Amino acid sequence: MDAFEKVRTKLETQPQEEYEIINAEIKHGGFVYYQEGCCLVRSKDEEADNDNYEVLFNLEELKLEQPFIDCIRVAPDEKYVAAKIRTEDSEASTCVVVKLSDQPVMEASFPNVSSFEWVKDEEDEDVLFYTFQRNLRCHDVYRATFGDNRRNERFYTEKDPSFFVFLYLTKDSRFLTMNIMNKTTSEVWLIDGMSPWDPPVLIQKRIHGVLYYVEHRDDELYILTNVGEPTEFKLMRTAADTPAIMNWDLFFTMKRNTKVVDLDMFKDHCVLFLKHSNLLYVNVIGLADDSVRSLKLPPWACGFIMDTNSDPKNCPFQLCSPIRPPKYYTYKFAEGKLFEETGHEDPITKTSRVLRIEAKSKDGKLVPMTIFHKTDSEDLQKKPLLVHVYGAYGMDLKMNFRPERRVLVDDGWILAYCHVRGGGELGLQWHADGRLTKKLNGLADLEACIKTLHGQGFSQPSLTTLTAFSAGGVLVGALCNSNPELLRAVTLEAPFLDVLNTMMDTTLPLTLEELEEWGNPSSDEKHKNYIKRYCPYQNIKPKHYPSIHITAYENDERVPLKGIVNYTEKLKEAIVEHAKDTGEGYQAPNIILDIQPGGNHVIEDSHKKITAQIKFLYEELGLDSTSVFENLKKYLKF
């Protein structure tokens, strides 16, 4: 649901087809708070596009390398503003609190803050609640006040190491929700937004396998949960003073194969953002009469970007795809209509096609794919193909706009996104069917997708490349072991390649949190033997492999560098051994490990990384890359 990340990165399309990343911004009262250069600033709403702004804090005071603002929260009466600040090469963050006055001043700073929200107590004092992150784990919640009554105290500590905590303020600011969850189970506590010093109220004690998220409106709780049959998300509600599960009443159910992307609550409406059978929908529920309006969104759209919005009359959001910058849409409740942004129409809508097809996996399951290519492409079988996959944690394959993907399509490439089991594109069951002792379903799905693409005339093995990041590396590495003849080249970023040894090392920060996804090979022999069947590192053998380019990060805490280095060395040894057995004339694949400095996990906008990966793909396929780099300069400010 990503309920705790309401402020998303925005993109703006400019006439010359450049794009710009806009850092987090938030509207509060009559002001807009945002980053300008290396400063936190605010301006009056109507002047937000001008240079008439007030500097609140200079990020350079933190002495960080290229800092940026990741998230902003303003205190209810605008006495304070808090901003979470990060750098591109690290996941560590600092939360600064600025007192708003004629001469704004930094009141406090807190290291390693993950989520944070403001509430106001009975005496009109602003209280900041925040979670503290240690070794990638959020187990502690603190609350702090400032000014003459300054204090900072620990409010809650989660004892189960497999769970983490994040904070979310309901849309009407009536309750601060403290969400305690792991991959399959959650528990929510309510902190009264008007009496934050009172003890929190438990909605429902955690029940293994039950997930739920909470919104509030007019003394009622709206609960998005998978409780009951089928075990997919459904919307329930109950009175705020009787929150326990036995009081939840079913309010709205989703169709089969539906992923709930997000939920937004308004005075008289609830808006659900959905993905059903690989297409996007918005469902607008009238809370006065329980009416439902389902809007099918344009077929080019592959993802939502949610908008922070306090206007009760409108619901704005953006739609995007890997090859098209986001476009604004607004649903106006009074008119009951969806309005799209007018103006510059992106030429990609006429020069490219988006197709949705399905592949039949080994067990008969139909696996959706999304394909992009130029409309005027002839003989697609001779075109290069770049396949994308993830398939883990119930997360959708990332399909946000990426300029390097756009230039590849412009240069004649076919892009294919394979929504395999283990991901979340078709709901919670789709994830369940690709985790633990069903992880091999994802591998079978990926293999079926690539064979279906080739069978339907999209490229051929000698021109097929495959890319993934993080946990997507498990399926890619497994396919390289089981069916390397399907591929010519592979690019991986911060890939998870040594599942067995990683999951047996409980000293690593995420091992205990990950048990619900991969299993516990330390105590369960069945899990251990199953992981051995697909783990990329464990199954390397002397054979021909596709060429592989790996980008890793020196201080990555999520995917330790040691496992990637061990995989690379073992793979090179296997290739050398295979070359000896094959004899002269054998063209060995190129195995490249590019270790980048820094401690971030994945750096999407690294120009160096993007350039290296594209250069690798073009060289491996023997293609001329001159025009692709010229086109890339239109989008990336090198």
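Entry: I started with R421 and D445, whose side chains meet in a salt bridge, N to O at 2.8 Å. For the record, a salt bridge here is a side-chain nitrogen of Lys or Arg within 4 Å of a carboxyl oxygen of Asp or Glu. The pair links distant parts of the chain, 24 residues apart: R421 sits in the loop between β34 (414-418) and α3 (428-432), and D445 in helix α4 (residues 439-455). Helices (H or I, at least four residues) and strands (E, at least two) are DSSP runs, numbered from the N terminus. I found R421 buried, and D445 as well. Buried means under 20% relative accessible area, exposed over 50%, and partly exposed in between, with a 1.4 Å probe and protein chains only.

**Entry: ground rules.** This is a predicted model, so I noted that local features need pLDDT of at least 70, that side-chain atom pairs count only at pLDDT 80 or more, and that totals for chains, interfaces and linings use all residues. Residues are numbered from 1 along each chain as its sequence is written, and side-chain values use heavy atoms, with hydrogens and water left out.

**Entry: further salt bridges.** Next I looked up R150 and E107, which form a salt bridge at 3.0 Å, N to O. R150 is partly exposed at 47% relative accessible area, whereas E107 is buried at 17%.

D140 and R134 also form a salt bridge, with their closest N and O atoms 3.6 Å apart. D140 is buried at 4% relative accessibility, while R134 is partly exposed at 46%. I also noted a network of salt bridges that links R217, D218, K267 and D268. How many salt bridges are there by this rule? The count comes to 32.

**Entry: a charged patch.** Which residues gather in a patch of negative charge on the surface? They are E122, E123, D124 and D198. Patch members have over 30% relative accessible area and no salt bridge; like charges are joined within 9 Å, and nonpolar side chains (Val, Leu, Ile, Met, Phe, Trp, Tyr) within 5 Å. Areas come from the Shrake-Rupley method with a 1.4 Å probe. I placed E123 in the loop between β11 (113-120) and β12 (126-134), and E123 is exposed at 71% relative accessible area.

**Entry: covered helices.** Helix α5 (residues 472-482) is mostly covered, with 10 of its 11 residues buried. Among them are V474, L475, V476 and L479. Helix α2 (residues 403-410) is mostly covered too, with 7 of its 8 residues buried; these include E404, R405 and R406. After α2 I came to G412, whose phi is positive, near 100°.

**Entry: the whole protein.** I logged 11 helices and 38 strands. The radius of gyration is 25 Å, close to the 26 Å of the globule rule for 638 residues, so the protein is as compact as a globular protein of that length. That radius is taken over C-alpha atoms, and the rule is 2.2 Å times the number of residues to the power 0.38. The C-alpha trace spans about 85 × 60 × 55 Å along its principal axes. Buried residues make up 57% of the 638 residues.

Methods. Lys and Arg count as positive and Asp and Glu as negative; His and the chain ends are not counted. The place of a charge is taken as NZ of Lys, CZ of Arg, CG of Asp or CD of Glu.
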